[in-house]
Amino acid sequence: MKKGKGGQLKICFAASSGGHYEQLMMLEPLMRKYDSFVVTEKTRYSKPLAGTDTWYLLQVNRREASFPLKLIANAAKAISILHREKPDVVVTTGVLAVVPLCLLQKLRGGKLIYIESFAKVSGPTETGRFLYRFADRFYVQWPSMLKFYPKAKYVGGIY
């Protein structure tokens, strides 16, 4: 497996905005430990993590008419990010805006780690259901979620 600077793994931490991004930021100690960067949606309240490169995707809402075009634009942006950064692993808490990035990471032979949302206690997210089949590792934050994801690992909450 190709390593980043200093022989370390290069890790992309990716999430949509809001609560998914907040959960991802709970992994900041890992971001500091590895050669890493962040990918998230661009919003009015976007604030990059100090000392970490941050890339931005378009904010996606599946109920908007522009949804398919934004996904295509995010796929093009993801190709550019992956080509430039060459991460060994993408760690994601979802959701929709980062799906193209996750799928393209798998297509290029990289690893994908998905962390299902802490908010999901009694049912899966649509993104989790979709990416479950592609993830090299899939984590849930509640034991009740193992019935939906039998091959997942329960490791507790990241909060």
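I started with helix 4, residues 99–107, where V99, P100, L101, C102 and Q105 are buried. Buried means under 20% relative accessible area, exposed over 50% and partly exposed in between, with a 1.4 Å probe and protein chains only. Helices (H or I, at least four residues) and strands (E, at least two) are DSSP runs, numbered from the N terminus.

A note on the source: this is a predicted model, in which local features need pLDDT of at least 70 and side-chain atom pairs count only at pLDDT 80 or more, while totals for chains, interfaces and linings use all residues. Residues are numbered from 1 along each chain as its sequence is written, and side-chain values use heavy atoms, with hydrogens and water left out.

Next I asked what the buried residues of helix 4 pack against. I found strand 1 (10–15), strand 2 (35–41), helix 3 (67–85), strand 4 (89–94), strand 5 (111–115) and helix 5 (126–131). After helix 4 comes G109, with a positive phi near 90 degrees.

K106 is in helix 4 and D136 in the loop between helix 5 and strand 6 (137–140), so the bridge ties together parts 30 residues apart in sequence. K106 is partly exposed at 27%, as is D136 at 35%.

I also noted R32 with E28, again with closest N and O atoms 2.8 Å apart. They sit four residues apart in helix 2 (residues 28–33), about one helical turn.

Key
Contact = heavy atoms within 4.5 Å. Salt bridge = Lys/Arg side-chain N within 4 Å of Asp/Glu carboxyl O.
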